[in-house]
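Please open the model in your viewer with the sequence panel alongside, and keep a selection tool at hand. The tour moves from one selection to the next and says what is found at each stop.

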Amino acid sequence: MAATAGPERAALTARAGYMLGERAERKWSEEQALAWEGLLELHGRLRRGAEARLEQAGLSVSALGVMGRLVGAPERTLRQVELAAAMGLSISRVSRIVDALQERELLERRPCPADARATNVTLTEAGLRLTREAQGALFAFVQESFAARLDAEETATLAAVFSRLLGG
């Protein structure tokens, strides 16, 4: 993979100063600024690319997240509040996603038999088929745009760095 060079590198490192102010400009090396801004830029590009791939199936990344969690759940069913918690989204946001998918008959809502206050969400057969297709398309995109551009050592380094940073 070619390293970021020239004007693109300068623009990325400059953004650290724009967003973080003079402290970043005074205290950070060019590599620190590039690491931070590069992470943000790459995330944005990968997210936009993923959304574009999934748009062909009429799904968003969040919708596929809901459906993918249901694929692995017992009887392809979870409480709506569990979906929200698992995805780190508000209940109202998940409710809007579920509404849209239910309208397309990809999901069904049912009262929870164990708790009358709760609502269960179940993935339909049509939803299962679309989820599998969308997961395949997204896997191909991630493989092409990310995984295939890294060698084994780079992948191990990223995994170690992100594990440490995500661990607090």
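**First stop: N120 and its surroundings**

Select N120 and display its contacts, that is, residues with heavy atoms within 4.5 Å: leaving aside neighbours within four places in sequence, N120 touches T77, L78, R79, E108, R109, R110, P111, C112 and P113. N120 belongs to strand β3, residues 115–123, where strands are DSSP runs of E with at least two residues and helices are runs of H or I with at least four, both numbered from the N terminus. With a relative accessible area of 12%, N120 is buried, on a scale where buried means under 20%, exposed over 50% and partly exposed in between, for a 1.4 Å probe and protein chains only.

Before going further, note that this is a predicted model, in which local features need pLDDT of at least 70 and side-chain atom pairs count only at pLDDT 80 or more, while totals for chains, interfaces and linings use all residues. Residues are numbered from 1 along each chain as its sequence is written, and side-chain values use heavy atoms, with hydrogens and water left out.

Next select E75, which lies in the loop between α4 (61–71) and β1 (77–79). E75 has a positive phi of about 55 degrees although it is not a glycine, and its relative accessibility of 73% makes it exposed. Then select R76, in the loop between α4 and β1, where phi is again positive in a residue other than glycine, near 50 degrees.

**Helices α5 and α6**

Now colour α5 (residues 80–87) and α6 (residues 91–103), which pack at an angle of about 110 degrees with their axes 9 Å apart; axes here are lines fitted to C-alpha atoms, for helices over the stretch in contact, and angles run from 0 to 180 degrees between N-to-C directions. The two helices are therefore roughly perpendicular to each other, a label given to angles of 65 to 115 degrees. Their crossing is right-handed, meaning that the near helix is turned clockwise from the far one by less than a right angle. To see the contact, show Q80, V81, L83 and A84 of α5 together with I91, V94, S95 and V98 of α6. Of these contact residues, 6 are nonpolar, 2 are polar and none is charged, with Ala, Val, Leu, Ile, Met, Phe, Trp, Tyr, Cys and Pro counted as nonpolar, Asp, Glu, Lys and Arg as charged, and the others, Gly among them, as polar.

Staying in α6, pick R96, which is partly exposed at 49% relative accessibility. A distance drawn from R96 to E51 gives 18 Å, C-alpha to C-alpha, for two residues 45 apart in sequence.

**The whole chain**

Finally, zoom out to the chain, which has 8 helices and 3 strands, in the order α-α-α-α-β-α-α-β-β-α-α from the N terminus. Its C-alpha trace spans about 60 × 30 × 25 Å along the principal axes, and buried residues make up 30% of the 168 residues.

How values were computed. Angles under 35 degrees count as roughly parallel, over 145 as roughly antiparallel, 65 to 115 as roughly perpendicular and the rest as oblique.
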